[in-house]
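The sequence and model are shown first.

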Amino acid sequence: VLPPPKVRPMTLSNRGVVGRHRIFEVLHQDVTASDGSPRRDVFTLECPDWCNVIAVTPAREILFIWQYRFGTDAMELEIPGGVIERGEAPLAAARRELREETGYESDAIVSLGSTAPNPAIQGNTCHFFVAENARPTGATHFDEHEEIEVVPVPVNAVAELIDRGVVRHSLAALALE
């Protein structure tokens, strides 16, 4: 059994937004150590929660998407997913993102849990889902900066894509492990 930590949390104060961007805000905060001594100020990102979907077709293929990513300036092979809108339940967002990015739907979507994407500078959560029996039902509806290609991959080929570094998105790889 893991004992509780002996170190105590620091206190954040004087929180203020120093930058507002389309999908995140940059926050500035002062930090006080657990013993009361002042520390340096910190900058964090306030991001909405996200979801990722492992969509499995009746042919036992997982739906991947090729998508250009600004951060890496490269095409990345990922699983469908995206931002959970304000007031939207994670499961509803997973259904929406699957439909928008792939044109597929599933009546059997189950939560696999969640993780903190980067707790050093972000406070959001990424929720993982698996969608069994995913089938094409309609057209895709991409966001403004999305251009996506859907790629079905046999389930038994997925581990090799991760091992070879073809799937580089850490949250996609984590969901698939």
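E88, R96, E97 and E100 are linked in a network of salt bridges, a salt bridge being a side-chain nitrogen of Lys or Arg within 4 Å of a carboxyl oxygen of Asp or Glu. R96 is buried, with a relative accessible area of 13%; buried means under 20% relative accessible area, exposed over 50%, and partly exposed in between (1.4 Å probe, protein chains only).

The model is predicted: local features need pLDDT of at least 70 and side-chain atom pairs count only at pLDDT 80 or more, whereas totals for chains, interfaces and linings use all residues. Residues are numbered from 1 along each chain as its sequence is written, and side-chain values use heavy atoms, with hydrogens and water left out.

Across the whole structure, 10 salt bridges are found.

| Salt bridge | N to O distance |
|---|---|
| R15 and E46 | 2.1 Å |
| R60 and E132 | 3.1 Å |

E132 lies in strand β10 and R60 in the loop between β4 and β5, so that pair links parts of the chain 72 residues apart. Helices (H or I, at least four residues) and strands (E, at least two) are DSSP runs, numbered from the N terminus. E132 is partly exposed at 31% relative accessibility, and R60 is partly exposed at 46%.

Strand β4 (residues 50-55) has 5 of its 6 residues buried, so the strand is largely enclosed by the rest of the structure. Strands pair if DSSP finds at least two bridges between them. β4 is joined to the antiparallel strand β7 (residues 81-83) by 3 bridges, with W50 opposite V83. To strand β10 (residues 126-132), which runs parallel, β4 is joined by 6 bridges; there, V53 has F129 as its bridge partner.

Q67, in strand β5 (residues 61-69), is buried with a relative accessible area of 3%. Residues up to four places away in sequence aside, Q67 touches A74, M75, E76, E78, E146, E147 and I148, contact meaning heavy atoms within 4.5 Å. F70, by contrast, is placed in the loop between β5 and β6 (74-78) and is exposed at 57% relative accessibility.
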